[in-house]
Amino acid sequence: MAAAAPRRRLRPRLRACLDLIPRDGPVADVGSAHGRLARALLGRDPDRGVIATEAKPGPAAELGRRLGGLTGITIALGPGLDPVRGRALRGAVIAGMGGRTIIAILTEGDDVVRRLDWLCLQAMQGTEGLYAWLRRHGFRLRASARPVEAGRVYPTVLVAPPCA
Ligand SMILES: C[S@@+](CC[C@H](N)C(=O)[O-])C[C@H]1O[C@@H](n2cnc3c(N)ncnc32)[C@H](O)[C@@H]1O
């Protein structure tokens with residue numbers, strides 16, 4: 001019998017992502033690192049299917065060590081949205097990166113983005129530039145949060161991609 005994802009408390013920054021993310025359908029956690037959000041997504045909605053990605057082999061292997069035994073999580077290696085291209089996904093979360101990196105991921109993965117229902121985005125810096133770019137490119141704001149962790153605000157948005 002396969003292992004289930006044990007429930008663990010998320011800190012406010014990632015908790016805000018979890019709370020904004022719709023509950024149904026397969027989801028990608030791009031740049032998952034420690035895998036805490038991917039694990040929490042699976043723990044909350046065990047049947048949804050979670051793909052946790054990392055750009056480079058070392059971090060992907062570490063992610064595999066942390067999450068590899070869990071049913072319902074796939075570890076995928078590659079930059080940005082490359083490793084989820086062609087997979088059936090409802091949405092993706094990109095958290096814990098700079099705004100410019102997020103813009104680059106959305107630009108390079110434009111074909112993937114346009115098939116998604118939603119994206120949850122949380123930039124560590126460059127938030128205003130990211131939001132201006134999202135507005136310019138027709139993304140629609142669905143919800144937002146401003147979690148505070150260790151005295152710092154982490155603006156977080158749920159957006160819908162531009163209509164095709
Ligand atoms: C600071 S960690 C954030 C981890 C987690 N998403 C969070 O919010 O706590 C950023 C992670 O994104 C990964 N990363 C950076 N650029 C990436 C890219 N273009 N594609 C996929 N992963 C990337 C890094 O390897 C790193 O593990």
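This is a predicted model: local features need pLDDT of at least 70, side-chain atom pairs count only at pLDDT 80 or more; totals for chains, interfaces and linings use all residues.
Residues are numbered from 1 along each chain as its sequence is written, and side-chain values use heavy atoms, with hydrogens and water left out.

Around the ligand stand 14 residues, of which the closest are Arg13, Gly31, His34, Glu54 and Gly80 (a residue is near a molecule if one of its heavy atoms lies within 4 Å of it). By class, this shell holds seven nonpolar, five polar and two charged residues, where Asp, Glu, Lys and Arg count as charged, Ala, Val, Leu, Ile, Met, Phe, Trp, Tyr, Cys and Pro as nonpolar, and the others, Gly among them, as polar. A polar side-chain atom of His34 lies 2.8 Å from an oxygen atom of the ligand, whereas a nitrogen atom of the ligand is 2.9 Å from a polar backbone atom of Ala95. Helix H1 (12–20) and strand S4 (91–97) are the elements that give two or more residues to the shell, and S4 supplies the largest share, three residues; helices (H or I, at least four residues) and strands (E, at least two) are DSSP runs, numbered from the N terminus.

Leaving aside its neighbours within four places in sequence, Leu106 is in contact (heavy atoms within 4.5 Å) with Ile94, Val113, Leu119, Leu121, Trp133 and Leu134.

Key:
A polar contact is a pair of N or O atoms within 3.5 Å; within protein, one must be able to donate a hydrogen and the other to accept it, and residues adjacent in sequence count only if both atoms are side-chain atoms.
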